[in-house]
Amino acid sequence: MSNDTTAVVSPHALPSLPYPENALAPVISADTLGFHYGKHHRGYVDNLNKLAAGTEFADLPLLEIINATAGKVDKIAIFNNAAQIWNHTFYWNSLRAAGGGQPPARLKEKIEASFGTLDACKKELASAAMAQFGSGWAWLVLDGGTLKVVKTANAEVPMTAGQKPIVTIDVWEHAYYLDYQNRRLDYVNAVLDKLINWNFAAENLD
Ligand code: FE2
């Protein structure tokens, strides 16, 4: 580093979970959260550090790596691991114990302006989660000032399409298979009703 005020960004570190591993039970068990965070999320961090070492990406912050590698076939492994680190950190923050319920007023108004009702928004999120064939993510995003529901495959992120993530649900099987087996819809509905963190979502409006 030539500039000693620049934060050291490599190797990347696994961000702390915002709650204990058993905090989301019984909707998401401590077992699921333990494997998901401790094996999958950590695995992406370890892989990125190995892949980026000695390359032009070694000293870049995560979002810069994501932006620099998105859509580049020869950089797909670095993109996938960097994006999955970002996606998982965003997902942990999209959930909280005793979540669900009513969003803060400003978010609720915006949801109602886009979807009519909160229920319609939740239904659209569940539909996107179900329509995602294979692994991926369902998102509430801000797109040109309007809230929308989108889905992305594998590690893809909404930012590369110019959309601002508001809240996300991981629909990779590793997110729910220990608790729900093949019943993805049961997992998604339980998350939307009991865990989704509308406070975090409201903070992301700005
Ligand atoms: Fe995941």
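A residue is called buried when its relative accessible area is under 20%, exposed when it is over 50%, and partly exposed in between (1.4 Å probe, protein chains only). The model is predicted, so local features need pLDDT of at least 70 and side-chain atom pairs count only at pLDDT 80 or more, while totals for chains, interfaces and linings use all residues. Residues are numbered from 1 along each chain as its sequence is written, and side-chain values use heavy atoms, with hydrogens and water left out.

**Exercise 1. Determine whether S94 is buried or exposed, and identify its surroundings.**

Step 1. S94 is placed in helix α3; helices (H or I, at least four residues) and strands (E, at least two) are DSSP runs, numbered from the N terminus.

Step 2. The relative accessible area of S94 is 0%, so this residue is buried.

Step 3. A polar contact is a pair of N or O atoms within 3.5 Å; within protein, one must be able to donate a hydrogen and the other to accept it, and residues adjacent in sequence count only if both atoms are side-chain atoms. A polar atom in the side chain of S94 lies 2.8 Å from the backbone oxygen of F90.

Step 4. Contact means heavy atoms within 4.5 Å. Leaving aside neighbours within four places in sequence, the contacts of S94 include V167, T168 and L195.

**Exercise 2. Describe the site of the iron ion: which residues coordinate it, and what is its geometry?**

Step 1. Donors are N, O and S atoms within 2.8 Å of the metal (3.2 Å for Na, K and Ca); water is not among the atoms, so sites may look incomplete.

Step 2. The iron ion is coordinated at 1.9 to 2.1 Å by H36 (NE2), H88 (NE2), D170 (OD) and H174 (NE2).

Step 3. The spacing of these donor residues in sequence is H-x51-H-x81-D-x3-H. The pair H88 and H174 links distant parts of the chain, 86 residues apart: H88 belongs to helix α3 (residues 76-94), and H174 to the loop between β3 (164-170) and α6 (177-180). Both H88 and H174 are buried.

Step 4. Four donors count as tetrahedral if all angles lie between 85 and 135 degrees; four count as square planar and six as octahedral if opposite donors are over 155 degrees apart and all others between 65 and 115; anything else is irregular. The angles among the 4 donor atoms are 90 to 128°, and the site is tetrahedral.

**Exercise 3. Explain which face of helix α2 its buried residues line, and where E64 stands.**

Step 1. The buried residues in α2 are L62, I65, I66 and T69. Seen down the axis of α2, they fall within an arc of 100° and so line one face of the helix; the arc is that of the directions from the helix axis to the C-beta atoms.

Step 2. These buried residues of α2 pack against α1 (30-52) and α3.

Step 3. E64 also belongs to α2 (residues 62-69), but has a relative accessible area of 44% and is therefore partly exposed.

Step 4. Just after α2, G71 takes a positive phi of about 75°.

**Exercise 4. Trace the pairing of the strands: how many bridges join β1 to β2, and how many join β1 to β3?**

Step 1. Two strands pair if DSSP finds at least two bridges between them.

Step 2. Strand β1 is joined to β2 (residues 146-153) by 8 bridges, and the two run antiparallel. L142 stands opposite L147 in β2.

Step 3. β1 and β2 form a hairpin with 2 residues between them, and G144 in the turn has a positive phi of about 60°.

Step 4. Antiparallel pairing also links β1 (residues 136-143) to β3, through 6 bridges. The bridge partner of L140 in β3 is V167.

Step 5. Because 6 of the 7 residues of β3 are buried, this strand is largely enclosed by the rest of the structure.

**Exercise 5. Locate N204 and identify what it touches.**

Step 1. N204 lies in the segment after α8 (198-203).

Step 2. Its relative accessibility is 12%, so N204 counts as buried.

Step 3. A polar atom of the N204 side chain lies 3.0 Å from the backbone oxygen of I166.

Step 4. Not counting residues up to four places away in sequence, N204 touches F90, K164, P165 and I166.
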